[in-house]
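Please examine the model shown here, with attention to its sheet and its pockets.

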Amino acid sequence: MPNLFISYRRIDTGQEAARLADGLERTLGRHPVFRDVDSIAPGVVFEEEIDRRIGEASAVLVLIGPDWLAELRRREGLPALDYVRREVATALRLGKRVIPVLIREARLPDPNDLPADLQELPRRHVQVLRDDEHWQAGVERLLDAVGRPVQARWVLARG
C-alpha cells in the first residue's frame, strides 16, 4: 500500500491539495495520505513530524500552482521558514519518488530558476491536474503510478 505525502503551498494550491487528498483517500483510506492540516495532531513538533512522514513516504506529491515559484523566490532569504522547500529538498535528498503535480496551467520551473537543493525537481515526470472533467482522470493516473491497493479475491479451483 502506498504511503503518500502531499506537499503544497496553502496560498497557491490549498484547495486543490484538499480535493486531491479527498480523491486519494476514497481509494486508499485516510491513513496512507499525509496532508499537514489533516494529519498532524495538536502538540506535535511540526518539523519533526514532517521529516518523519517524508521518511516513511513511498511518494511525495509536490503540488505546483501558478504562484509556486514566485512564493519560493519571496521566501528565498528565509529557507528555514519555507516548509515546502524543506519538504521537497528532503524528499529529493532521501531519494524518494517525487512527483510534480501541475495545477491550474502551472509550468514546471526551469532548473536554473531553482536553488541547488531543488534543481532535481524538474527532471521528474509530471502529472497535470486540471480543474475540469479531467481532474478525476488525473487522480486515477496518480493512483496507478503510486500503486493501488490489491483487492483480495477468492480464487475457485475446480478439482
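The briefing below covers the sheet, a helix beside the sheet, and a pocket.

This is a predicted model, in which local features need pLDDT of at least 70, side-chain atom pairs count only at pLDDT 80 or more, and totals for chains, interfaces and linings use all residues. Residues are numbered from 1 along each chain as its sequence is written, and side-chain values use heavy atoms, with hydrogens and water left out.

**Sheet**
- Five strands form an open sheet in the order β2-β1-β3-β4-β5, with parallel pairing; strands (E, at least two residues) and helices (H or I, at least four) are DSSP runs numbered from the N terminus, and two strands pair if DSSP finds at least two bridges between them.
- At the edges lie β2 (33-34) and β5 (127-129), each of which pairs on one side only.
- Four bridges join β1 (residues 4-7) to β3 (residues 59-64) in the parallel sense, and F5 stands opposite V60 in β3.

**Helix on the sheet**
- Helix α5 (residues 83-93) packs on the sheet and touches β1, β3 and β4 (97-103), where contact means heavy atoms within 4.5 Å.
- The direction of α5 makes about 140° with that of β1; axes are lines fitted to C-alpha atoms, for helices over the stretch in contact, and angles run from 0 to 180 degrees between N-to-C directions.

**Largest pocket**
- The largest pocket has a volume of about 220 Å³, the space filled by probe spheres set on grid points joined across faces, edges and corners.
- A pocket is an open set of points on a 1 Å grid over the protein atoms alone, where a 1.4 Å probe fits, with protein on both sides within 12 Å along at least five of seven lines; lining residues have an atom within 4 Å of a point.
- Residues lining the largest pocket include Y8, R10, D36, F46, R75 and E87.
- The largest share of this lining, three residues, comes from α5.
- The lining divides into six nonpolar, no polar and six charged residues, with Ala, Val, Leu, Ile, Met, Phe, Trp, Tyr, Cys and Pro counted as nonpolar, Asp, Glu, Lys and Arg as charged, and the others, Gly among them, as polar.
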